Amino acid sequence: MISKYETVIGLEVHVQLTTDTKIFCGCSTRFGEAPNSQTCPVCLGLPGALPVLNRKVVDFAILTGLATNCSIAPRSIFARKNYFYPDLPKGYQISQYELPICEHGRLDIETEEGGPKSIGITRIHMEEDAGKSMHGETPETVNSSLVDLNRACTPLLEIVSEPDMRSADEAIAYLKKLHQIVVYLGVCDGSMEQGSFRCDANVSVRPHGQARFGTRAEIKNINSFRFIKQAIEYEVERQVELIEDGGHVVQETRLFDPDTGMTRSMRGKEEAHDYRYFPDPDLVPLVIKEDWIERVRTRMPELPEAKMERFMRDYGIPAYDAEVLTADRPLAEYYDACVKLHGGGKICANWVMGEVTRGLNEQGIAIADCPVTPEMLAGMLKRIDDNTISGKIAKKVFDAMWSTGKDADTIIEEQGLKQVTDTGAIEAMVDEILAANPDQVEEFRGGKEKVLGFFVGQVMKASKGKANPGMVNELLRKKLQD
Ligand SMILES: [Zn+2]
């Protein structure tokens, strides 16, 4: 039944910016402070207080616009969006309406079935966040509602996509890409739990081949990728069933309930004219000249896609490795530093994706707090290259670097882990092992080549793992074939 219909999805993403201060006043944006401690007459909406635009918010908007292929408007306007809510003291939100700062962008995603696809970005505009209402969240306030205005006037970018996505999977691919970009740019901390990156989804269905869009429902504030997928899939099924049963979809705002996996009606969808938008007379039009844009452009970091291509091209690693290593900017920078110090693209990738990532996951720490620096890892890899230690002993050295913070050379020295490459010493151990295991020697000479592995293991054990495995192999073969 669902296959008769095509899904149409457009997304509105709210990105909370990482500026130290709010968009129209100097109050701090720090999260988790005592209620109403980060406020002033401007963000409390006291009469007569005047907003002053935070320049850094404009820088971040331009940066985000450039990274998503938007054109930057030479002149944009702030508008008042009027509605009443206890957490909105002024009775309006300062936003942008007719002339937003960025327009006509796009983001390329990879789809499961159809390869690459371009998703249009209609606009990006700047706005202030509202405060927060709390309804009996603490024992003392169980029968009351309180308002915390610390979040009021916190800077947001609203990034609005075209209705270009045709499945929940495409919507997720777009969101993950956008999330990765704003975090790479450093304009957002990316925390979905704290609401720094939140998404509303406009979902509709229409019979395949119909040009006109179906009536859409807007699903509000869904705070994880998994929930967004669930919410969209539930909503598509609900709308198709409704239409098949002879009903019709009404335009409304719906809420997703993570406990039931369902969406439910919250309120009729308001139209733009319900908000009585008009230009904010307290803020002059924002004029952005070319040199401002160019100044911001010079601060553009290498974006994930370009980084991935460079790692594959210059460091010779496979696409899978490059994707894992560029998922997160600090991890990519760690890897990049290792390769620059050591030179081996693939061996560094193996260690970063292997031991380093495992250690971080085990201890639940971020790469920024990794006790083994790129210098330490590269230094250790050089000791494998020059045969000071084997790859196996390297794991032991790595663990010791992790727990002590000492470099590889110090640990090799202190723990006597230097590989035995002296032919005479290895030969003596080989002779000893062969003499102690005459039966296995016979087996090998009788054609059972597998026994070689047993001998290698015995010699390595006798050397406490320090014998050079290549030399052990070679000497064993020579002696057994004598
Ligand atoms: Zn303030």
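Tutor: Helices (H or I, at least four residues) and strands (E, at least two) are DSSP runs, numbered from the N terminus. This is a predicted model, in which local features need pLDDT of at least 70, side-chain atom pairs count only at pLDDT 80 or more, and totals for chains, interfaces and linings use all residues. Residues are numbered from 1 along each chain as its sequence is written, and side-chain values use heavy atoms, without hydrogens or water.

Student: In which helix is Val 57 found?
Tutor: Val 57 is buried, with a relative accessible area of 0%. Buried means under 20%, exposed over 50%, partly exposed in between (1.4 Å probe, protein chains only). The residue is found in helix H1.

Student: Leaving aside neighbours within four places in sequence, what is Val 57 in contact with?
Tutor: Contact means heavy atoms within 4.5 Å. Ile 222 lies 165 residues from Val 57 in sequence and 24 Å from it in space, C-alpha to C-alpha. The contacts of Val 57 beyond four places in sequence are Leu 17, Thr 19, Ile 23, Met 126 and Pro 155.

Student: How are H1 and H2 placed relative to each other, parallel or oblique?
Tutor: H1 covers residues 55–67 and H2 covers residues 168–185. Their axes come within 10 Å and cross at roughly 135°. Axes are lines fitted to C-alpha atoms over the stretch in contact, with angles from 0 to 180 degrees between N-to-C directions. Under 35 degrees is roughly parallel, over 145 roughly antiparallel, 65 to 115 roughly perpendicular and the rest oblique, and H1 and H2 are therefore oblique.

Student: How many nonpolar residues does the contact of H1 with H2 have?
Tutor: H1 supplies Leu 63, Thr 64 and Ala 67, while H2 supplies Ile 181, Val 182 and Leu 185. Ala, Val, Leu, Ile, Met, Phe, Trp, Tyr, Cys and Pro count as nonpolar, Asp, Glu, Lys and Arg as charged, and the others, Gly among them, as polar. One residue is polar and none is charged; the nonpolar count is five.

Student: At what angle do the axes of H1 and H4 cross?
Tutor: The two axes come within 9 Å. H1 is roughly perpendicular to H4. The crossing angle is roughly 75°.

Student: How many charged residues are in the contact of H1 with H4?
Tutor: From H1 come Arg 55, Val 58, Asp 59, Ile 62, Leu 63 and Leu 66. From H4 come Trp 292, Ile 293, Arg 295, Val 296 and Arg 297. Seven are nonpolar and no residue is polar; the charged ones number four.

Student: Within what arc do the buried residues of H4 fall, seen down its axis?
Tutor: H4 spans residues 290–297, and Trp 292, Ile 293 and Val 296 are buried in it. The arc is that of the directions from the helix axis to the C-beta atoms. These residues line one face of the helix, since they fall within an arc of 100°.

Student: Is the crossing of H6 and H8 left-handed or right-handed?
Tutor: The axes of H6 (residues 319–326) and H8 (residues 345–363) come within 11 Å and cross at roughly 50°. Tyr 320, Asp 321, Val 324 and Leu 325 in H6 meet Lys 346, Ala 349, Asn 350, Val 352 and Met 353 in H8. By class, six of these are nonpolar, one polar and two charged. The crossing is left-handed.

Student: What is phi of His 104, roughly?
Tutor: His 104 sits in strand E6 (residues 102–111). The residue is exposed, with a relative accessible area of 59%. His 104 is not a glycine, yet its phi is positive, about 55°.

Student: Where does Asn 36 lie?
Tutor: Its phi is near 65°, positive in a residue other than glycine. Asn 36 is partly exposed, at 33% relative accessibility. Its place is the loop between strand E1 (5–16) and H1.

Student: What separates the C-alpha atoms of Pro 371 and Ser 403?
Tutor: Pro 371 is found in the loop between H8 and helix H9 (374–385). Not counting residues up to four places away, Pro 371 touches Ile 365, Met 376 and Trp 402. Ser 403 is 32 residues away along the chain, and the C-alpha separation is 7.6 Å.

How values were computed
Left-handed = near helix turned anticlockwise from the far one by under 90°.
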